[in-house]
Amino acid sequence: MLRTFCYCCVGAVLLTIAGGARDVARAADADTADALGPPIHAVLTSPPNVPPPTMRDHPAHVIVELEVREVEKEISEGVRYTFWTFGGTVPGSFIRVRQGDTVEFHLKNHPDNKMPHNIDLHGVIGPGGGAASSFTAPGHESQFTFKAMNQGIYVYHCATAPVGMHVGNGMYGLMLVEPPQGLPPVDHEYYVMQGDFYTVGKYREKGLQPFDMQKAIDERPTYVLFNGSESSLVGDRALTAKVGETVRLFVGNGGPNLVSSFHVIGEIFDRVWYEGGTHFQENVQTTLIPAGGAAIAEFHTLVPGSFVLVDHSIFRAFNKGALAILKVDGPPNKAIYSGKEVDSVYLGDKAQDLAVVSRVTSSAEKGTLTVEQQVKAGQVLFAGTCSVCHQANGHGLEGVFPPLAGSDLLANDPKRAMHIVLNGLTGNVTVNGKTYNSVMPPMSQLNDDELANILTYVTNSWGNKPYRYTAQEVAATRKATARPPGAAH
């Protein structure tokens with residue numbers, strides 16, 4: 001049998017084998033080398049920031065000091081939650097070391113905290129990933145030492161019983177163990193971590209919301225979020241880059257329950273180091289990140305615009321909060337993308353300034369809520385919830401979606417309008433003498449305040465007969481409506 005050889009291919013294989021051998025040798029050297037020089041205090045950063053590269057050609061003795069804080073923070077506009085955190089943020093502080101480093105780890109539990117805590121670092125080889133050595137009562141500090149043996153991006157989390165509750169309250173973060181040669185330079189590195197949260201109140205129900213253990217056990221999250229809040233990476237907090245730059249995302253999933261289908265709308269990942277390991281896949285659209293896992297995703301920007309980070313289990317993005325923005329500035333490149341950009345279709349109400357909603361909530365709690373405040377809040381919520389069908393000017397779409405501007409239905413029977421918005425409508429409806437046949441889905445996922453504000457905005461706009469809806473009125477209609485078992489209410 002005649003065999004032919006491609007000497008270029010053989011050479012490439014030999015080079016690959018040689019390169020792999022060099023990498024193995026470097027890793028072996030890192031595993032056995034002693035730490036050099038005086039101890040170094042690790043630079044820790046809060047999300048979405050990432051510490052600078054270690055820029056060392058040798059392992060070192062690195063001191064990491066991390067404090068546990070139990071803090072009340074905003075999880076959504078007008079919604080408060082008591083998070084348990086590493087470093088005061090969700091996710092916790094980003095830790096960056098080099099393979100072969102000897103890490104002296106100090107875990108401090110702030111004296112104002114109520115609970116004991118510990119830490120399990122997935123990048124640690126040892127009982128509990130450090131958890132067995134770090135159980136720490138409030139007002140105390142624990143210390144243990146480990147060697148960073150394996151390169152990669154690793155999750156850390158609390159492992160104090162009940163473990164799920166500690167993780168579900170936001171106790172997770174990422175530790176990067178750089179390879180000995182470091183990572184290739186890029187223009188931007190960002191830290192993004194997904195988590196699922198379980199509150200007694202429904203999605204966006206205002207006020208301080210406690211943790212719901214039964215929802216967590218049943219794996220029915222109220223929120224699925226990036227970096228612990230609906231507003232963490234949108235608006236003024238959006239990630240930024242310029243056209244022509246390379247972006248590296250360190251993406252983790254704290255869980256405690258859900259697997260993430262991580263996707264950036266309008267981008268393709270050049271490389272994804274899947275599951276946080278040493279191998280990468282190229283030209284990836286969406287990557288799975290398991291609970292308690294992480295990945296590194298890189299891409300280069302070619303056109304300007306708002307690029308939306310989502311969990312592509314898509315209801316989590318638009319109805320539970322798993323949505324973030326990367327704003328890319330620079331000149332357009334119409335050879336690559338010519339189109340008009342309509343962010344609001346993707347972003348929903350997150351394209352608006354939701355701070356006005358918080359102010360309205362505060363006024364309602366004080367009993368000082370005005371019609372003008374309701375109208376402003378309702379306008380923001382309408383833009384993200386209703387404007388795609390009914391249009392921003394309220395004119396609707398001919399023959400499909402009835403107009404809200406100058407609507408005789410709203411003028412003649414405002415309570416019926418509230419019932420339609422809350423419970424939906426299928427079939428014919430006559431507005432201003434014209435018949436429309438479409439489907440209005442129930443907006444029961446919105447809370448009573450939101451529905452009252454949207455309806456008040458509509459009836460006080462576009463030449464409509466003014467009418468003021470109240471949250472109590474919406475709540476009474478909701479309660480009086482029979483629904484099939486399991487339906488949203």
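Hi everyone, let's start at the N-terminal end of H11, which asparagine 447 caps: one of its side-chain oxygens lies 3.1 Å from the backbone nitrogen of aspartate 449. Before going on, a word on the source: this is a predicted model, where local features need pLDDT of at least 70, side-chain atom pairs count only at pLDDT 80 or more, and totals for chains, interfaces and linings use all residues. Residues are numbered from 1 along each chain as its sequence is written, and side-chain values use heavy atoms, with hydrogens and water left out.

Helices here are DSSP runs of H or I with at least four residues, strands are E runs of at least two, and both are numbered from the N terminus. H11 has 12 residues and reaches 17 Å from its first C-alpha to its last, close to the 16 Å expected at 1.5 Å a residue; that expected span is 1.5 Å times one less than the number of residues.

Is H11 mostly covered or mostly open? Mostly covered: 10 of its 12 residues are buried. Buried means under 20% relative accessible area, exposed over 50%, and partly exposed in between, with a 1.4 Å probe and protein chains only.

One of the buried residues is asparagine 453, which counts as buried because its relative accessibility is 5%. Which side chain does asparagine 453 join through a polar contact? That of glutamine 374, at 3.1 Å. A polar contact is a pair of N or O atoms within 3.5 Å; within protein, one must be able to donate a hydrogen and the other to accept it, and residues adjacent in sequence count only if both atoms are side-chain atoms.

Gln374 brings us to H7, where it is among the buried residues, along with Val375 and Phe382. Helix H7 covers residues 371-385, and its 15 residues reach 20 Å from first C-alpha to last, close to the 21 Å expected at 1.5 Å a residue.

Now for the rings. The structure holds 17 aromatic pairs. Rings of Phe, Tyr and Trp (its six-membered ring) pair if their centres lie within 6.5 Å; planes under 30 degrees apart count as stacked, over 60 as edge-to-face and the rest as tilted. Tyrosine 81 and phenylalanine 83 are edge-to-face, 5.0 Å centre to centre with 65° between the planes, and both are buried. Phenylalanine 262 and phenylalanine 269 are stacked, at 6.0 Å and 0°; both are buried too. These two also belong to one aromatic cluster with Phe226 and Phe299.
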